[in-house]
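Please go through this report with the model open beside it.

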Amino acid sequence: MKAFLLTAAFAAIAGLSGCDRASQSFSLPQGNVEQGEQVFVKYQCLSCHTMSGYETDTENLPGSMETPVALGGQVSRIRTYPELVTSVINPSHRLAEGYETESGQSVMPSFNDVMTVTELVNLVHFLESHYELEPYPRTEYMSPR
Ligand code: HEC
């Protein structure tokens, strides 16, 4: 019981301080994947990211980046749209390993003052459609003798 209360208190504090907001859900209107692709190209996401079926100029990555960050493809845990929205509108919420910066700010710029909400909705639907769950690795058990 005590542990439960403590957990609840921490959850409340985390909620207040804005941590872990990505786990709180919200509902996006229906998006359009084709229009989302246009947004993806328009804002040049491919200057830092790779995605299968698209070209990335890996020779000319911005400043400190050595390798592009892969988007889409097979992942062990599917990206939900709250997570994808968070990644786009708050890129510094969590820095990926190997992409830490001294300032703690993501290399990824903010598009918040230029991208419309409709563009964001379509973009996120486009991104979401490119993630695929990889087959669950089954544990091989030795058969008892
Ligand atoms: C200047 C480079 C740069 C640009 C431009 C850029 N990103 Fe990123 N992006 C990053 C980096 C670096 C990360 C990894 C997070 C970190 O450590 O900062 C990232 C992370 C992400 C993630 C999270 C990936 C994951 O697996 O968790 C998404 C989604 C994403 N970016 C989408 C976009 C989209 C969509 C655009 C275009 C609107 C874009 N990015 C433009 C550099 C960039």
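How many helices and strands does the chain have? The chain has four helices and four strands. Both are DSSP runs numbered from the N terminus: helices are H or I with at least four residues, strands are E with at least two. The order from the N terminus is α-α-β-β-β-α-α-β.

This is a predicted model, where local features need pLDDT of at least 70, side-chain atom pairs count only at pLDDT 80 or more, and totals for chains, interfaces and linings use all residues. Residues are numbered from 1 along each chain as its sequence is written, and side-chain values use heavy atoms, with hydrogens and water left out.

Of the 145 residues in the chain, 28% are buried. Buried means under 20% relative accessible area, exposed over 50%, partly exposed in between (1.4 Å probe, protein chains only).

Now the iron atom of the ligand. Its protein donors are H49 (NE2) and M108 (SD), at 2.0 to 2.2 Å. Donors are N, O and S atoms within 2.8 Å of the metal (3.2 Å for Na, K and Ca); water is not among the atoms, so sites may look incomplete. H49 sits in strand β1 (residues 49-50) and M108 in the loop between α3 (81-89) and α4 (117-128), so the pair ties together parts 59 residues apart in sequence.

| Residue | Relative accessible area | Class |
|---|---|---|
| H49 | 13% | buried |
| M108 | 25% | partly exposed |

The site is octahedral, with angles of 87 to 179° among its six donor atoms. Octahedral here means six donors, opposite ones over 155 degrees apart and all others between 65 and 115.

Methods. Tetrahedral: all angles 85-135°; square planar, octahedral: opposite > 155°, others 65-115°.
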